[in-house]
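This briefing sets out selected structural features of the model shown below. The points are grouped by topic for use alongside the sequence and coordinates.

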Amino acid sequence: MSTHLFSARDMTCALPAPEGEKTIFRGLSFDIDAGEIVDLVGPSGSGKSSLLTAFARLNPHAHGTMSLEGRASAEFSPQQWRRMVAYLPQQPVLIGENVADVIRLPWTLAIRNERHADNTDAASQSKSYGRRHHRSIWGSTHSGTDALPDSTIRSTLDAMGCEDIDLARAPHDLSGGQAARVSLARTLLTDPKLLLADEVDAGLDDDNAAKVATILSHAAQRGMAVIRIRHRPPDGVATRTVTLDKGVLR
Amino acid sequence: MTSTILTTTGMYPVAVQASGTSYPIDIWGLLIALTMVIVASGLSWLMHLGIGKTLLWSACRALVQLCAMGFIMGYVIKSGNPWLVLILITGMLVAAVQITLSRAKGVPKGLAGPVLLSLVITMLLMISMVTELVIRPHPWYAPQLVVPLTGMLLGNTVSALAVGLSRFYESMKERRNEVDTLLALGATRWEAARPSIISSIRLGLLPTTASLASSGIVTIPGMMAGQVIAGGDPFNAAKYQFVILASIAALTLLADTLIMVMVYRTCFTADDQYRDKPVVEHRKRNR
């Protein structure tokens, strides 16, 4: 279980239902290596999103055994884990007055703010691990609000093919495609080890979907592992495709 | 015991001593007030406002409750027994918890403990700061001070807590996607809940700050009005009123903050995940 970047064993998800519990999947196993892009497909309602939120430890109805770079998930606080294993929801939720604020939001949180992280971390062993990782693949070298000036955000967005997005724009003025790319940029700038992208190209036109695919393949080339839930036809970016159907992963 | 009775019966609130005349209300006064409510209810019935029955019922309830409270308070003040004061305040606290929980909409079951705790803490602060530090009565538990002050504080905190709690759970439901996004970005449950906490405390405190700002210009608050009507010195009454308003405002903020700190976790699991249905868990020792 230690050779892969991320391993999951015995993943089980059961939703509460009127007639007891409804099992979505049981005993699933999954591995992914650095730099891989895995497409997760399957009929709607098969539990793809539940599986990804379970990987990010965001799903209260799921449990299982997971490890990242050979370390068990229990060694991480939920915040440390989610910093490394980042779930990107299908619906972009952009919090802030303007695009620059939106993208800076993760850096205002305690987990990326060393002074506060010392007090909130429960697992002492994982402390140093959780904070070691400050270099962003997009070039920003510091954590914290001050370390992400507008110019850095600008160059990052430009590098991602988002020249059309003005930093001073209010989030609700963005088009659907722009909002999806800002949401993606926000998570990518936090530089997770594993990105769980839940249908981020759904509802986008082909042009925007292609942009998103290019951004993700760039991230993978720099060592990020990516799992994508997709309903579009294969775009040639994925290294492999797995199907979740009737509780089985193939 | 005799000495206590002597000292308490000899003591009226400082403000009331000042100048003299008070005008008691007889049974006809009560009936006239009740008649006004009946007429208003009749009007509401004619205009199909649908509020007449509630108005009438509430007025009757208020009359009975107030008279009962007046009777009980008279008895407690006369007896000068600190244990009776304690029992009366305990009864008021229990009623306050019950009213808070029945007024707060959409809150999980099992919040009685946190509500009681925040009411007790603020009430103890009220008694120790205002009664013992500012007014300094003899004996220290002087019922005619402690009981009305507690009542005024509870009246304010109860509505602030009810509004604050309702707003918090409503806001957490509305912000579901935002909370999930924040958690996914590595926020702690406190960071994810903070916007809801802030907005609910603000909303809960709105009437208090408004009454603080408008008092003396638009309104003559109840306590000051009461002392003046009872023949007290208006300036003294104003000082009393300010002490009460200021301390109630501060303590209402404290009560709202305390309750939020105690209940925001109910929206999250132990693993900092958003819960669809908030649950009050019995606190485990190891967390």
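In this predicted model, A:Phe6, A:Phe30, A:Phe55, A:Phe76 and A:Trp81 come together as one aromatic cluster. The count of aromatic pairs over all chains is seven. One of them, in chain B, joins B:Phe168 and B:Tyr169 in an edge-to-face arrangement. The points below begin with the aromatic side chains, pass to the strands of chain A and end with chain B.

**Aromatic side chains**

- A pair of aromatic rings is described by two quantities, the distance of the centres and the angle of the planes.
- For B:Phe168 and B:Tyr169, the centres are 5.2 Å apart and the planes stand at 75° to each other.
- The pair counts as edge-to-face because its angle of 75° is over 60 degrees.
- B:Phe168 and B:Tyr169 are both buried.
- In chain A, the face of A:Trp107 has A:Arg112 lying over it, 5.8 Å from the ring centre.

**Chain A: overall composition**

- Chain A contains eight helices and 10 strands.
- Of its 250 residues, 55% count as buried.
- Among contacts in chain A with a separation of 6 or more, 71% are between residues 24 or more positions apart.

- Strands of a sheet pair through backbone hydrogen bonds, in either a parallel or an antiparallel sense.
- Strand β1(A), residues 6–17, is paired with strand β4(A), residues 62–68, in the antiparallel sense over six bridges.
- A:Arg9 has A:Thr65 of β4(A) as its bridge partner.
- Strand β4(A) also pairs with strand β5(A), residues 71–72, again in the antiparallel sense, over two bridges.
- Here A:Ser67 has A:Ala72 of β5(A) as its bridge partner.
- β4(A) and β5(A) form a hairpin with two residues between them. In the turn, A:Glu69 has a positive phi of about 50°.

**Chain A: the six-stranded sheet**

- Six strands of chain A make an open sheet in the order β6-β7-β8-β3-β9-β10, and the pairing is mixed.
- The edges are β6(A), residues 85–88, and β10(A), residues 248–249; each has a single partner strand, so one side of each is left without a neighbour in the sheet.

**Chain B: overall composition**

- Chain B has 11 helices and zero strands.
- Its C-alpha trace spans about 70 × 55 × 35 Å along the principal axes.
- Of the 287 residues of chain B, 39% count as buried.
- Among contacts in chain B between residues at least 6 apart in sequence, 72% join residues at least 24 apart.
- The accessible surface of chain B is about 16,300 Å², with 71% of it belonging to carbon and sulfur atoms.

**Chain B: helix α10**

- Helix α10(B) covers residues 222–229, and its buried residues include B:Met223, B:Met224 and B:Gln227.
- Because these three cover an arc of only 100° around the axis, they fall on the same side of α10(B).
- B:Gly222 and B:Ile229 are exposed on the other side of α10(B).
- Just after this helix, B:Gly231 takes a positive phi of about 95°.

**Chain B: B:Ala160 in helix α7**

- B:Ala160 belongs to helix α7(B), which covers residues 143–174.
- Its relative accessible area is 2%; B:Ala160 is therefore buried, a class that requires a value under 20%.
- Leaving aside neighbours within four places in sequence, B:Ala160 is in contact with B:Gly204, B:Thr252 and B:Asp256.
- B:Ala160 and B:Gln144 are 16 residues apart in sequence, and their C-alpha atoms are 25 Å apart in space.

How values were computed:
Residues are numbered from 1 along each chain as its sequence is written. Chains are lettered from A and ligands numbered from 1 in the order in which they are written. This is a predicted model: local features need pLDDT of at least 70, side-chain atom pairs count only at pLDDT 80 or more; totals for chains, interfaces and linings use all residues. Side-chain values use heavy atoms; hydrogens and water are left out. Rings of Phe, Tyr and Trp (its six-membered ring) pair if their centres lie within 6.5 Å; planes under 30 degrees apart count as stacked, over 60 as edge-to-face and the rest as tilted. Buried means under 20% relative accessible area, exposed over 50%, partly exposed in between (1.4 Å probe, protein chains only). A charge sits over a ring if NZ of Lys or CZ of Arg is within 6 Å of the ring centre and within 35 degrees of the ring normal. Two strands pair if DSSP finds at least two bridges between them. Helices (H or I, at least four residues) and strands (E, at least two) are DSSP runs, numbered from the N terminus. Contact means heavy atoms within 4.5 Å. Accessible areas come from the Shrake-Rupley method with a 1.4 Å probe; for residues, only the protein chains shown count as cover. The arc is that of the directions from the helix axis to the C-beta atoms.
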